[in-house]
Amino acid sequence: HGVSFLLSSFCIVPAQMKLCIIQFANAEDKQEFSKYPTKAGRRSLSRSISQSSTDSYSSAASYTDSSDDETSPRDKAQVNTQGSSDFCVKNIKQAEFGRREIEIAEQDMSALISLRKRAQGEKPLAGAKIVGCTHITAQTAVLIETLVALGAQCRWTACNIYSTQNEVAAALAETGVPVFAWKGESEDDFWWCIDRCVNTEGWQANMILDDGGDLTHWVYKKYPSVFKKVRGIVEESVTGVHRLYQLSKAGKLCVPAMNVNDSVTKQKFDNLYCCRESILDGLKRTTDIMFGGKQVVVCGYGEVGKGCCTALKALGAIVCITEIDPICALQLCVELAVIMDGFRVVKLSEVIRQMDVHTNAEQLDRMKNGCIVCNMGHSNTEIDVASLRSPELTWERVRSQVDHIIWPDGKRVVLLAEGRLLNLSCSTVPTFVLSITATTQALALIELFNAPEGRYKQDVYLLPKKMDEYVASLHLPNFDAHLTELSDEQAKYMGLNKNGPFKPNYYR
């Protein structure tokens with residue numbers, strides 16, 4: 001399940017302003033310096049003195065920050081060096097910066113590069129026309145360029161309005177991949193970009209790679225004839241998988257789909273380890289707070305929740321967890337030794353009496369003054385942001401992805417990324433972990449596209465365990481790890497093939 005969590009029991013204290021006096025040797029130096037004060041200098045008067053959370057070369061702050069150029073990319077006429085205008089990005093001139101980001105990502109995505117080299121000669125995706133809707137980051141760019149190297153034609157858009165790295169989108173557009181995405185899209189922009197990816201003359205998608213289900217939903221609703229001809233859908237998020245199962249249950253899923261989210265490698269590495277590292281990055285960049293002694297409520301103890309709890313506790317936070325599943329709750333109690341390690345399993349109603357923190361629409365106004373609210377789930381519905389749009393409440397922008405929600409009595413809470421996914425909206429995530437998910441997605445696309453007729457029916461399938469294990473094996477050389485091989489006698493006793501798979505298909 002998607003995980004949202006809330007922090008309470010601390011105050012937001014503005015940093016002391018510092019005065020910097022610059023002396024110039026002569027009038028010419030002063031005149032030269034005066035040319036450069038820009039909007040950024042003026043904006044700093046209304047922002048925190050700390051810029052570290054937004055001025056880094058990452059998805060948290062792209063080279064082309066939206067505030068630097070108010071012109072919508074939809075209103076710009078841009079052409080890449082090949083003469084193509086089939087894209088819509090913030091600034092195509094930033095392609096060189098994006099290429100450097102992609103090259104850095106490639107260094108820690110050796111498994112995907114290895115897959116690219118192994119299969120490049122065979123072109124297993126020749127003829128595939130893939131329309132994708134994912135986070136557009138340097139890591140995703142490595143995946144997209146791998147798909148192209150394997151023979152696919154790709155058109156791409158973003159699944160999150162805040163997570164796009166503008167320079168990376170420009171780099172992809174420069175290579176000829178039609179990309180329609182930029183950081184800070186409006187809701188209307190978001191759906192316009194999806195439509196531009198799907199609805200183009202002389203090109204029709206036959207594969208879908210989705211993250212959240214919005215692209216799949218759009219094609220299903222707006223272009224049913226295209227949807228029926230799609231050979232396969234690959235979905236990586238719990239939200240999108242849930243929507244696919246709903247379609248399947250209703251008998252409306254007319255194409256096979258691969259559930260990548262529940263693959264072992266995705267669950268154990270992306271959901272657990274990626275969130276464990278990126279949650280603190282996102283919170284630190286946006287709030288600059290110290291976590292020692294802070295009281296934190298984590299809603300949900302799945303793999304994402306486990307990663308968040310481990311990271312927060314390591315920095316000295318007092319962590320409470322809510323959970324609807326008795327198995328997950330028992331696992332938490334036993335494995336983490338509740339009392340000794342400082343974790344508590346609670347109901348939100350119990351926590352409210354102590355912390356005044358909740359995500360329910362009826363109780364948002366009971367949060368403590370200064371509470372920080374953020375979301376680690378995919379969609380923007382885990383936190384009821386709509387109720388915070390009440391005319392009685394005032395929104396005040398603090399900095400990029402940070403808003404104060406102010407009540408009539410002066411109380412305020414801090415909302416991050418407008419309730420959307422924190423880590424990719426406000427920070428970066430570990431490249432190596434994303435390499436695992438990207439490799440899984442690539443293999444799932446290859447499998448569905450090349451599967452003989454009849455292997456997959458109109459239903460949702462888990463990634464075959466053989467592929468899951470292959471993804472893991474591709475990443476072992478990074479650690480100089482060497483697998484032990486079963487003897488014939490051992491394999492016979494265990495009823496396994498010596499080369500795997502070693503887990504049943506239902507294993508998660």
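1. Which residue in strand 6 is the bridge partner of Ile208? It is Ile233. This pair belongs to the contact between strand 5 and strand 6 (residues 232-235), which run in the parallel sense and are joined over 4 bridges. Please keep in mind that the model is predicted.

2. Strand 5 also pairs with strand 2 (residues 129-134), again in the parallel sense and over 4 bridges. Here Met207 of strand 5 is the bridge partner of Ile130.

3. The side chains of strand 5 (residues 207-210) go two ways: Met207 and Leu209 point one way, Ile208 and Asp210 the other way. All of these residues are buried, Asp210 included.

4. On cysteines: the model has 0 disulfides. For Cys275, the nearest cysteine sulfur is that of Cys274, 5.3 Å away. A disulfide needs two cysteine sulfur atoms within 2.5 Å, so Cys275 is in no disulfide. Cys275 is buried, with a relative accessible area of 7%.

5. Cys308 is in no disulfide either; its nearest cysteine sulfur belongs to Cys275, at 5.4 Å. The relative accessible area of Cys308 is 0% and, because buried means under 20%, Cys308 counts as buried.

6. On confidence: the average pLDDT of the chain is 82, and 81% of the residues score at least 70. Two stretches need a caution. Residues 29-67 have a pLDDT below 50, although the model gives this stretch 66 contacts beyond near neighbours in sequence. Residues 356-362 are also below 50, with 25 such contacts. Where pLDDT is low, the predicted coordinates should not be read in detail.

Conventions: Residues numbered from 1 in each chain as written. Predicted model: local features only at pLDDT ≥ 70, side-chain atom pairs only at ≥ 80, totals over all residues. Heavy atoms only, no water. Buried < 20%, exposed > 50% of the residue type's maximum accessible area, 1.4 Å probe, protein only. pLDDT = per-residue confidence, 0-100. Contact = heavy atoms within 4.5 Å. Pairing = 2+ DSSP bridges.
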